Amino acid sequence: MEKTHAQNILKLIENFEEIVITMHINPDGDAIGSSLGLATFLQEVLHKSVCIYNESTFPAWLSFLKPPCAYYTNVQEIPFKNPLVITLDAGELKRFGEELTTYIQDKKSICIDHHLGNTFFATEYTWADPSMSATGEMVAHIVFTYSDKTIESVAKPLYVALSCDTGNFTFGNTSSRCIEILAKLVATPIEIAPIREAMDNTWSEQKLHFWGRLFSEVRFSLDNKFAAVLVPSSYFDEYGVSKEDLEGFVEQMRKVKNVRMTLLMREDVKDTRPIIKVSMRSSGNDDVRAILMNFGGGGHKNAAGATLEGELEDNYQKIYSYVKQALK
């Protein structure tokens with residue numbers, strides 16, 4: 001089935017010389033890795049004119065990955081007049097930001113996504129498959145459908161995409177199909193050790209102390225089946241860190257024995273409005289997506305997110321009432 005989708009997308013891409021690649025705002029490792037992998041493939045292998053757009057700046061913790069083309073944060077700077085827009089790693093148009101929502105209205109588009117609840121907003125083609133471990137895996141299927149082999153500059157970001165969304169190939173979504181793709185990427189060849197070094201060993205002293213503070217404030221409840229931490233916006237100035245320094249913390253709480261579900265709530269400000277960014281993780285059959293759907297969120301059964309308005313503690317209590325029902 002994935003080969004058919006890949007072939008159909010490759011056929012559509014043939015009809016366009018200019019392509020804009022975009023991914024959800026506040027992009028994670030899968031969003032960045034799949035975008036850079038696809039952009040490099042389109043530019044270096046298919047010889048297309050490509051740019052990447054996201055209203056969020058490029059994540060500092062992934063700065064070892066270099067975009068192969070222009071990376072725009074202002075949609076008006078995109079130089080193409082009538083490009084194909086390929087959206088990655090989200091199934092709702094609002095996840096790509098207000099500027100992209102307006103920009104894409106009169107454009108041809110393709111959506112490639114591995115989340116549940118895709119709204120099928122793309123005009124030309126939607127490949128939505130929640131059984132895929134990562135959007136990077138889907139992009140890899142496109143790359144390897146075109147040719148049995150690829151180049152290092154394509155394989156490296158796709159490895160990062162797979163690694164990030166599978167917990168370095170330890171989460172339950174790490175399928176045999178994912179491992180087969182991993183093997184093909186490594187055989188390109190790419191060197192995994194320096195990539196892992198760049199991904200894992202780049203902490204600042206400030207981040208270490210910041211995480212220490214958060215670990216000391218984790219709340220355990222429901223017989224230690226639930227762990228949560230609330231992060232006020234003041235902490236970022238206090239410790240001299242950014243929101244990117246929270247990457248991975250919500251997974252760390254799952255390492256405590258008996259914890260089945262975790263919650264991280266980060267206070268932020270957008271256009272002078274206070275907002276709360278929510279991330280939840282779970283194990284096995286515990287469905288955090290079902291909980292956050294009550295708050296307009298989405299994602300996967302074991303990894304989901306949402307954006308809320310209001311106070312940290314008030315929103316925590318609202319979510320906690322659903323968690324209590326789920327873990328009773």
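This briefing describes helix packing, nonpolar cores and selected residues in one structure. The model is predicted. Helix α2 (residues 29-45) comes within 8 Å of helix α4 (residues 135-146), axis to axis, and packs against helix α5 (residues 152-165) with the axes 7 Å apart. The largest nonpolar core has 54 residues, and α2 supplies the largest share of this core, seven residues.

**Packing of α2 with α4**

- The axes of α2 and α4 cross at roughly 20 degrees. Because angles under 35 degrees count as roughly parallel, α2 and α4 are described as roughly parallel to each other.
- The crossing in which α2 passes α4 is left-handed.
- On the α2 side, the residues in contact are Asp30, Ser34, Gly37, Leu38, Phe41 and Val45. On the α4 side, Thr135, Gly136, Val139, Ile142, Val143 and Tyr146 meet them.
- By class, the contact of α2 with α4 comprises seven nonpolar residues, four polar residues and one charged residue.

**Packing of α2 with α5**

- The angle between α2 and α5 is about 160 degrees. Since angles over 145 degrees count as roughly antiparallel, α2 is roughly antiparallel to α5.
- Helices α2 and α5 cross in a left-handed manner.
- Helix α2 contributes Gly29, Asp30, Gly33, Ser34, Leu36, Gly37, Thr40 and Phe41 to this contact. Helix α5 contributes Ser153, Val154, Pro157, Leu158, Val160, Ala161, Cys164 and Asp165.
- The contact of α2 with α5 contains eight nonpolar, six polar and two charged residues.
- Phe41 takes part in the contact with α4 and also in the contact with α5. Asp30, Ser34 and Gly37 likewise belong to the α4 contact and to the α5 contact.

**Packing of α5 with α6**

- Helix α5 packs against helix α6 (residues 176-186) at an angle of about 150 degrees, and the two axes are 10 Å apart. The pair is therefore roughly antiparallel.
- The passage of α5 across α6 is a left-handed crossing.
- Ala155, Leu158, Tyr159 and Leu162 of α5 meet Cys178, Ile181, Leu182 and Leu185 of α6.
- This contact has eight nonpolar residues, with no polar and no charged residues.
- Leu158 of α5 is listed in the contact with α2 and in the contact with α6.

**Nonpolar cores**

- In soluble globular proteins, nonpolar side chains tend to be buried together.
- Within the largest nonpolar core, of 54 residues, those touching the most other members are Ile21, Phe41, Leu42, Ile86 and Ile112.
- With residues up to four places away in sequence left out, Ile21 touches Ser35, Leu38, Ala39, Leu42, Val50, Cys51, Ile52, Tyr53, Ile86 and Leu88.
- There is a second, separate core of 22 residues, including Phe226, Ile276, Val288 and Ile319.

**Backbone features**

- The peptide bond from Thr188 to Pro189 is cis, with omega near 15 degrees. Pro189 is located in the loop between α6 and α7 (192-200).
- Asp89, although not a glycine, has a positive phi of about 70 degrees. Asp89 belongs to the loop between β4 (84-88) and α3 (98-103). Its relative accessibility is 1%, so Asp89 counts as buried.
- Asn168 also has a positive phi, near 55 degrees, in a residue other than glycine. Asn168 is part of the loop between α5 and α6. With a relative accessible area of 35%, Asn168 is partly exposed.

- Ser109 is a residue of strand β5 (residues 108-113). Its relative accessible area is 2%, which means that Ser109 is buried. Apart from residues up to four places away in sequence, Ser109 touches Leu84, Val85, Ile104, Phe121, Ala122, Thr123, Glu124 and Tyr125.
- Gly212 is found in helix α8 (residues 205-216). Gly212 is partly exposed, at 39% relative accessible area. The C-alpha atom of Gly212 is separated by 27 Å from that of Ser56, which is 156 residues apart from Gly212 along the chain.
- Ser233 occupies the loop between β8 (226-231) and α9 (234-239). Ser233 is partly exposed, with a relative accessible area of 30%. Ser233 and Glu267 are 34 residues apart along the chain, and their C-alpha atoms are separated by 5.0 Å.

Conventions: Residues are numbered from 1 along each chain as its sequence is written. This is a predicted model: local features need pLDDT of at least 70, side-chain atom pairs count only at pLDDT 80 or more; totals for chains, interfaces and linings use all residues. Side-chain values use heavy atoms; hydrogens and water are left out. Axes are lines fitted to C-alpha atoms, for helices over the stretch in contact, and angles run from 0 to 180 degrees between N-to-C directions. Helices (H or I, at least four residues) and strands (E, at least two) are DSSP runs, numbered from the N terminus. Angles under 35 degrees count as roughly parallel, over 145 as roughly antiparallel, 65 to 115 as roughly perpendicular and the rest as oblique. A crossing is left-handed if the near helix is turned anticlockwise from the far one by less than a right angle, and right-handed if clockwise. Contact means heavy atoms within 4.5 Å. Ala, Val, Leu, Ile, Met, Phe, Trp, Tyr, Cys and Pro count as nonpolar, Asp, Glu, Lys and Arg as charged, and the others, Gly among them, as polar. A nonpolar core is a set of buried Ala, Val, Leu, Ile, Met, Phe, Trp, Tyr and Cys residues joined through side-chain atoms within 4.5 Å. Buried means under 20% relative accessible area, exposed over 50%, partly exposed in between (1.4 Å probe, protein chains only).
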